Amino acid sequence: MRGLLGSFCRGLPTLSSRTARRTAGVVATRCGLCGTQSSSKPQPNFGLLFDIDGVLVRGRMLIPAAKRAFEKLVDSQGQFVVPVVFVTNAGNCLRQTKADQLSHILGVPITQDQVIMSHSPLRMFKKYHEKCVLVSGQGPVLEIAKNLGFNNVLSIDMLRESYPLLDMVDHNRRPKLPSSAVLTHPKVEAVILFGEPVRWETNLQLVIDILLTNGNLSGVHQTQNGPHLPLLTCNMDLMWMAEANSPRFGHGTFLVCLENIYKKITGKELKYEALMGKPSELTYHFAEYLIRSQAMERQWKHPITSLYAIGDNLMTDIYGANLYNRYLEERLRKNPKAVAKMAAATGSTTAVPHDEDIDNLWESELALPSATSCKSVLVCTGVYNPNAEVPSDANSCIKETVFHGHRDFRFDPLLVEPGHIVQDVAEAVDLIFEQEKFVPK
């Protein structure tokens, strides 16, 4: 996956500095962060990326430190004193729904353009938007897919209703009488996995069926000589933290099941067209874009050169932040002039483009980060167990029991080493303000 980000950025047209200045305010205009920034107030050159589960909330319960943290992040006019983005691996709702939930629980106005769901980067996969895609997950999966640009979508439930003989694990759901396909559908051309489904056995069975019949459920399983259908996957979290004392299964656990069933049946590895959500670099790249856009809309003159990612999970939040930091350092080493040019371009703003321009400009702008570092901050209110140890020798560790990251991300002790460890998110904000010598007025 190391080359995933580069594969999307290569070929994206770079913008002139004028266009970059013109476009970087697009998202912030929608975020409700409009308004000029008085020169008398401190202007940040850093942005904050917050994980949600285990950092701000546990299930539906607000972590008390989150309230204290956001009292420091919002001024008396209700505006953020630094650019803030919420980066979650959840994929069972729309961005606007998650923004509304955050606004309610934090008591701070949050809009959808401050929220990144694990499925947000799917907007970039335009070559699949007109293809017939099967979606798996829970929540309003059809609405989510259509909101992301997919126009020909089937759900697992739709397939199950049309092919009632395929879902046979639950005896109570088996058809009482012999039946055949009720309704035929177009051939499925790709599969999107949004998140963990409710009925794992049904989703595992039908996704495997789709992959082994090359999208045609009226056919029989075939021995695959070539690659299987494209598989686009969001959210790799093996576990996540809710109200229970110990972490709960996440979508990553479902993927472990799917991968092993496919390999057991075919003898081959399941391949992913793309893996999205943390720790994918693509997710952090989009987050940097949103941070930069907010700063420009507020007319903060200093370019955003530092990001701080606050999370509770070593294998997603910390790994992802450190992986993106490695990418930024490598980019700075290879092309320092381009980074400096982009940083200079983000120091001023001009006109904001119309809504119809956004999609094309979004893709182009993603190729131009101005940040030069992404620092990781680990909190102890979620998945992370401060009493557990991570082995320093990658070769001597037992991957299945120690490395909880996804199969396609190799274990690297340096990538799961947080820049800082603090008790909670309030301490994290205090630490960052101290590091940056930032004193909001």
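## Ground rules

Buried here means under 20% relative accessible area, exposed means over 50%, and partly exposed is anything in between (1.4 Å probe, protein chains only). This is a predicted model: local features need pLDDT of at least 70, side-chain atom pairs count only at pLDDT 80 or more, and totals for chains, interfaces and linings use all residues. Residues are numbered from 1 along each chain as its sequence is written, and side-chain values use heavy atoms, leaving out hydrogens and water.

## Salt bridges

There are 14 salt bridges in the structure, each a side-chain nitrogen of Lys or Arg within 4 Å of a carboxyl oxygen of Asp or Glu. Take K263 and E269, whose closest N and O atoms are 2.9 Å apart. K263 is partly exposed at 39% relative accessibility, and E269 is partly exposed too, at 33%.

K278 sits at 3% relative accessibility and D51 at 8%. Together with D317, these two form a network of salt bridges. D113 also bridges to R95, at 3.5 Å between the closest N and O atoms; D113 is buried at 4%, and R95 is buried at 9%.

## The nonpolar core

A nonpolar core is a set of buried Ala, Val, Leu, Ile, Met, Phe, Trp, Tyr and Cys residues joined through side-chain atoms within 4.5 Å. The largest one has 41 residues, and F50, L56, F70 and F86 touch the most other members. Looking past residues up to four places away in sequence, F86 touches F50, I52, L56 and F70, among others; contact means heavy atoms within 4.5 Å.
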